[in-house]
Amino acid sequence: MILPLFALLACAPSPYTADPEITNLVDDWRDRVIYQALTDRFWNGDGSNDLNVSRDPSALARYQGGDWEGLIDRVDYLDELGVNAIWISPVFRNVEEDAGVSSYHGYWPQSFRDTNPHFGDLAKLRELVDVMHQHDIAVVFDVVVNHVGQLFYYDINMNGRPDITDYYATDGSGGMETVTEWDPGWDPGGIQAWTTLGYAGQAPIEWLWMPELNRVPPEPPEFANDAWYHRMGRVEDWGDFDQVVRGDFPGGLKDLATENPNVRNALIAVWSDWIRQTDADGFRIDTVKHVELDFWPEFCGAIRTFAHGIGKDNFLVFGESFDGDDALVGSYTFDGMLDSAAYFPQKYQVFDDVFKYGAATRKVEELYAQRSSNWGGTPQEGGIGVAPADLPVNFMDNHDTARFLFDAQNAGLPDPEAALRGALAFLFTTEGLPVLYYGTEQGFSGGNDPANREPLWWSGLDTSGELFSWTQRLIALRKEHTALTHGELRFAWTGDAAGLLAFERDDGAELLLVAINTAEAPVAETVATSFAGGSTLMDLLGTSRSFAVANGGTVDIALGAREVVVLGE
Amino acid sequence: MLLLLLVPAVLADVSVGSYGRVQASTDLAGGAGDAIDVVNHPTRLEKDPYLELDVVLDRQVEDAGLFEVVVTPALAGDLFHYDGAWDADLALRNLYAEASALPRAPGLSCWAGSRMWRGDDVHLLDFWPLDELNVVGGGLTFRPKGWDFGLATGLNRLSAGEYQVQWTEVPEEAGVGSEPVLTMDRQRFVAGGRAAKLWGVGAQSTLRLKAYGELQLLPAATRLEDEGEITLDLPADRGGAVGLQLSSWGWAHDSFAHLFVRYATGLSAYGLLTVPSDGMATDYSVHAAREFQVALSGNHETDRVGLLVGGYLRRFQDADGVDVDPDDRWEGALGLRPTVFFTDLASLGVEVSQEVLRPDGLNPRDRALDVPMVTKLAVLPALQAGRGSLARPQIRVQYVLTYLNDDARLWFDARDTRSQRNVHHFLGLGAEWWLNSRSYR
């Protein structure tokens, strides 16, 4: 061509402009500690993507400025804390705003193929994954398959525009009924077109064209297909499983017809592509219980097959079934489905009831006893090599729940942070895959969404605080002792009231005894253990306490209020 | 109004000048001809209508110098006869007075006011690659024999983007309703200077080496956000540029050659009339931005043929520190316009040009590292006032064939007509002139 000078332009591009080399960072997910970071709230590393960012720190329902560059810039904080996996907010492009609330959380997909411009572009995402890998931190993406954002409305009165209108009710009562075409309530026959004169068949849907809010038809374009959506209206009865599965999620999130083979294939394609494009190490899947059960073997199997096919083994797929019913949560872990599930039953029955509200420590043992039957007992084929029942995803709070300290403070506990320290000790010593919600280590105490989504920079990412040090010590302990990650768990003591919770972790090479006092008063119990009589147990958490093992293996455990010890020989 | 016109006529000599361009165009598919470009400084053929009117009032004071007042209103935008809208974008570009030929200071002149203070351009690209300060301020020029020194300083306060100025509505103190108050005010200070040495080469040619330097300063300020509930501290910022220009001219009619090199940082990398809207650092500063560019411009002609050349290559990195960033880029353009002069009135030119853009980041449309390229071939039969590539006024037909590579098509939204095919046409009938213009000579 006429511009030989422009040969300069062909200079080597950044490695992040091309598909990454696929790596296998994770040998065994049991060795990992996941840090759940809301991308928008961790650290603002790039001012150029501060689009529609609120400068008001109290406006937590709007973008605050965090981004992938921020995670890259402050990977030192993750290193210092000791976590070795990170779960980031959904990476795809969202509807920008709905009802005055922004999509900073990432769960309102508009494009399944484009990155969220508030967080960065594809190259930056690749860089994030690569940098995390360099620091031995696995990266888990947050996946949505259940819905898209507020991208269409039901044109109930067929006037071609979205209305919120009062009509005479169809029940003949003569009363008025308010109908919103943005988010109408569940109709078992599908949302119907109607006016005061009566019904007029299935309501057409109208795709929105509001580019200023990114409310435009979904991407890839095949998702802009009316038949790919259930069009049943919003879930109104959470006890009705049909509504839960086929209804729109409140907020106008339009439910994908995931039983449709074309929808399934399209979702498998877009989510497989994210692995290829980024070298991600796992998926956390949103709203699992809102998708029909038989979706999961097909989706999870295809994802595993794809990952394996490009050289990515041990690709983790776990999901969120926001429910306290252990049988329901565990039901998604059988027969080729999820590798694991977020352990909501434990969040409610253990972290809430036992650690905050003084319930009997026996609840822990009773809950754990259910898992062998409620959760899958064999590893998924082509999965991570660990049975779901042996690797529940443990957490005490997350972005959808009030923080532990918020509840603990409201419960009137005399020392909420002491309760949190005990809960953290349990999180990092029990069996499973621990997830630490960002900011817990900083003593954040926000209430329900969005108050529980505080910017981490409020803390200055301080690493000198007592809670940070405690968390750091527990994570280090977990990583140093395979008994805590791979060992069998045996309860040594649970009671009918708040008080001592003691359990052993035994991997054959090492035996540890974890003892936690969940009560506000000292406890003293004689605990039967597997240790040999005559030995002395030291507290591995660095206190000077030691405990003698009596003949017969019993140990007298006396702990102060909310005290924790992790004992080993 | 009549008085205003008469007074200067009585007291001073009045001269007028103008630069302008206008054309009607079609894309040969029923639509308007459109400039399809991927770089900041493409060739000028398809530019929109623009007019500058220079009014210069001279007053020669015997033994006390020459005083000039220069007034240049400029108009842009679609013409009334085209869009039927009775409007235009009006700006007052030059509005200054200059004193020269001062006693006991030969070669010295000074000026104050609003002025387009700029050096040589790349004519084919309508681009001033080294020194273009459009400021309200003042300056000095000193031209001892064989030298040329110039200094310009000034201020601006750009209204866009609440970057330098912010007005906020507040309750009206003594009534009902609201009134605007100035809640942020930070002027940008700019100073630029040149020093040039000229050598005679042979009987008619001149060689010139020019050095240029520029400084921009912006004070810190506080901006109100969220209806005044939040304050955002904007730090003080800065920028600077240095550059060299090597020029020669005079060896043939209207012939010249310029080679420019410029390195700029911070505010100067964005330009004097630009508000940095993205690519800022996290503290909203831009002093980390960098720009490097080289450019060339030249013309050589004989009685029968001429060749105009213009091109530039630019490297730009914004201030956000992101490495793989589509805002950071290499870009360049090169144009060649050979022209045959049939008579003193008739000419036929052909222009070939190419634009290349290589962003450092991915194009989100295809998630690839694209290199958009636009290649143009234009045919320019013209009637003009005299022989030469730069003879004006010129009435011309211009046909431009534009070819976009696939990456260039992806640079535009899929719904944009520019993205929908590789080949585009532009057929225009128009005119361009500069007559006694202060901006285009």
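**Helix H9 of chain A and its two partners**

Mentor: In this predicted model, helix H9 (residues 344–352) of chain A packs on helix H12 (residues 416–429) of chain A at an angle of about 135°, and their axes lie 11 Å apart. Residues are numbered from 1 along each chain as its sequence is written, while chains are lettered from A and ligands numbered from 1 in the order in which they are written. Because the model is predicted, local features need pLDDT of at least 70 and side-chain atom pairs count only at pLDDT 80 or more, whereas totals for chains, interfaces and linings use all residues, and side-chain values use heavy atoms, with hydrogens and water left out.

Helices here are DSSP runs (H or I, at least four residues) numbered from the N terminus, and their axes are lines fitted to C-alpha atoms over the stretch in contact, with angles from 0 to 180 degrees between N-to-C directions.

H9(A) and H12(A) are therefore oblique to each other, a word kept for angles that are not roughly parallel (under 35 degrees), roughly antiparallel (over 145) or roughly perpendicular (65 to 115). The crossing of H9(A) with H12(A) is right-handed, that is, the near helix is turned clockwise from the far one by less than a right angle. H9(A) brings A:Gln346, A:Val350 and A:Phe351 to this contact (heavy atoms within 4.5 Å), and H12(A) brings A:Ala423, A:Phe426 and A:Leu427.

From H9(A) the contact takes A:Pro345, A:Gln346, A:Gln349 and A:Val350, and from H10(A) it takes A:Lys363, A:Val364, A:Leu367 and A:Tyr368. By class, the contact of H9(A) with H10(A) has 5 nonpolar residues, 2 polar and 1 charged.

Reading the two contacts together, A:Gln346 and A:Val350 take part in the contact with H12(A) and also in the contact with H10(A).

Conventions
Nonpolar A, V, L, I, M, F, W, Y, C, P; charged D, E, K, R; others polar.
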